[in-house]
Amino acid sequence: MFCFQCQEAAKNTGCTVKGVCGKEDHTAGVQDLLIYSLKGLSAVAMEAGDEESIRSAGWQVVLGLFSTITNANFDDEKLKGSIRNTLSLRDRLVKKNGGTSKGDAATWSLPENQWTAKAAQVGVLAEENEDVRSLKELTIYGCKGIAAYTEHAGRLGFEDPSIYRFLLEALDACLEEKSADDLVQLVLKTGETAVSAMALLDKANTETYGSPEITKVNIGVGENPGILISGHDLRDMDDLLKQTEGTGVDVYTHSEMLPANYYPAFKKYSHFVGNYGGSWWKQDKEFASFNGPIVMTTNCITPVKEAYRDRIFTTGVTGYPGVKHLPEPEGRARKDFSEVIALAKKCDPPTEIETGEIVGGFAHKQVIALADKVVEAVKSGAIKRFVVMAGCDGRQPKRSYFTEVAEALPQDAVILTAGCAKYRYNKLNLGDIGGIPRVLDAGQCNDSYSLAVIALKLKEVFGLDDINKLPISFDLAWYEQKAVAVLLALLHLGVKGIRLGPTLPAFLSPGVAKVLVENFDIKPVGEVSADVEAMMAGA
Ligand code: FSO
Ligand code: SF4
């Protein structure tokens, strides 16, 4: 196997024996073959070009790419099922088109006992030129993030055919021989599409569930048995809350589902108790002490421990061998959580691991409602700087950097956050500036879109012609491919001087890293006090 798509890539080079994330080499092979098949489907759909082909192939590509995101699906059988579906749709389109002029990816067909050998020929290292490989993988990882956001929006009935078209175009292009210059353009277009995907999901979430509001979220526990729901899928959250109402079973969020607490449509449920625990990588301990069933709606699932193996469920594109999977309902029907609820009733209530509250809900509408106060605080000098610390959390000890930066920032700096990166500092009680909390949590990683909207609004209010003239610094934490999509989106919006940590991606070749530094002034995070000083000085 060779995989270098996430921040945990072994030796910051690549995992070659088994993933640091727990992904086995055979699973990595199935994922490589799935990506290759999706490229073939994309090529055939682009050849067809008609709306129906683009739509059907686009949705298949969305599901397939999403399932290969780090910590989404470890189940070979499910991933092979996705390859079968992809090949069957590809072949239907080829038949409809009366053939294909595209190469092997669009035509290969082998008995399944030869898939492992095939996978070994089509992985990341099949591309020999390291800069070309780096740019193609940067595009594909950005597309994986776009796919995740497009899938969530799609589940709420919101679609944008231009996103499907771009994903197909990008995957098709990654099969072709392209110059580095062409591929840089493709990377930038990936960022543009990432903005569209996040905007689409923002529209889907807020039109369906209302705009997030400032909310105090309980982090303690109640006395009833509970269900813990993790991941990013708000439709699953909705279905679960509806079906648990009046059953005597409470609902808690974990990790990236925390922002569900900020939505008016969910806040109204009295049995929605709050958030349990911290970010995804603490799940082995926190799922054990939760005592009740756990539903993983998306990544991040980590290797499942015995302590909770018989009470964890996956759903959507998520999968883990031996773990019960809740199937997708037909069309727009509600997902059936009855088995999970029945199990919860037999379980003990959660063991308390902390008490208190955290505050969040500062998505764009809420912050713009406070705009006068914010602008006044900037004009008076009460707020000197905003530091965007969005992104992911992860296991690496070096991530204490982000806690230390949050603690070291002076009292007149406000942290804007989104994604599970927030767990490094959202329980620190960093205080407020004239009633504006010093940590403003917009929501999930996709709600980084909100942070961009807020920045653009401030640019307008202050009459500036360049987003980089605002008193904002970017100190981002990344882990998996959705964060890659967010990063490319920010580059597309013209943001320069981003600090990225805890390490720069292994998939950036020295040549590609140089292009990013020269054009966007991207830099790795450094030493805490030096970074804080530089950011406060606008550098
Ligand atoms: Fe965190 Fe995992 Fe949302 Fe990622 S839960 S790491 S950026 O999946 O997607 O923020
Ligand atoms: Fe390694 Fe990350 Fe790939 Fe897992 S997803 S195999 S940790 S690079």
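Biologist: How do α1 and α2 run, roughly parallel or roughly antiparallel to each other?

Modeller: In this predicted model, α1 and α2 are roughly antiparallel to each other. They pack at an angle of about 165 degrees, and an angle over 145 counts as roughly antiparallel. Their axes are 10 Å apart, with α2 covering residues 51-67.

Biologist: And the hand of the crossing where α1 passes α2, left or right?

Modeller: Left-handed, for α1 passing α2.

Biologist: Which residues make that contact?

Modeller: From α1 you have Q31, L34, I35, L38, L41, S42, A45, M46 and A48. On the α2 side there are S53, I54, A57, Q60, V61, G64, L65 and S67.

Biologist: OK, and α7, at what angle does it cross α1?

Modeller: Roughly 115 degrees, with the axes of α1 (residues 25-48) and α7 (residues 161-173) coming within 8 Å. So α1 and α7 are roughly perpendicular to each other. The α1 and α7 crossing is left-handed.

Biologist: Another pair, then. How do α8 and α17 cross?

Modeller: At roughly 105 degrees, and their axes come within 7 Å. Helix α8 is residues 180-209 and helix α17 is residues 481-492. That angle makes α8 roughly perpendicular to α17.

Biologist: What meets what between α8 and α17?

Modeller: V187, L188, T190, G191, E192, A194, V195 and M198 of α8 meet A485, V486, L488, A489 and H492 of α17. Nine residues in the contact of α8 with α17 are nonpolar, three are polar and one is charged.

Biologist: Zooming out, how is the protein divided into domains?

Modeller: The assignment gives domain 1 as 10-208, domain 2 as 215-345 and domain 3 as 364-536.

Biologist: What separates the centres of domain 2 and domain 3?

Modeller: 29 Å, taking the centres of domain 2 and domain 3 over C-alpha atoms. Their contact takes 20 residues from domain 2 and 19 residues from domain 3.

Biologist: Sheets next. What's the strand order in the sheet with β2 in it?

Modeller: β4-β3-β2-β5-β6-β7, an open sheet of six strands with parallel pairing. At the edges are β4 (272-275) and β7 (324-326), each of which pairs on one side only. From one strand to the next, the twist averages 25 degrees.

Biologist: How many bridges between β2 and β3?

Modeller: Four bridges, in the parallel sense, between β2 (residues 226-230) and β3 (residues 250-253). If you want a residue pair, I229 has T253 of β3 as its bridge partner.

Biologist: And the sheet with β9 in it, what order does that have?

Modeller: That's also an open sheet of six strands with parallel pairing, ordered β13-β10-β9-β14-β15-β16.

Biologist: Why is one side of β13 and of β16 left without a neighbour in the sheet?

Modeller: Because β13 (439-441) and β16 (523-524) stand at the edges, each with a single partner strand. The pairing of β10 (residues 413-417) with β13 is parallel over three bridges. In that pairing, I415 stands opposite V439 of β13.

Biologist: Last one, what is phi of N12?

Modeller: Near 50 degrees, a positive value in a residue other than glycine. N12 is in the segment before α1.

Definitions and conventions:
Residues numbered from 1 in each chain as written. Chains lettered and ligands numbered in written order. Predicted model: local features only at pLDDT ≥ 70, side-chain atom pairs only at ≥ 80, totals over all residues. Heavy atoms only, no water. Axes fitted to C-alpha atoms, helices over the stretch in contact; angles between N-to-C directions. Helix = DSSP H or I, 4+ residues; strand = E, 2+ residues; numbered from the N terminus. Parallel < 35°, antiparallel > 145°, perpendicular 65-115°, else oblique. Left-handed = near helix turned anticlockwise from the far one by under 90°. Pairing = 2+ DSSP bridges. Contact = heavy atoms within 4.5 Å. Nonpolar A, V, L, I, M, F, W, Y, C, P; charged D, E, K, R; others polar. Domains from an automatic or database assignment.
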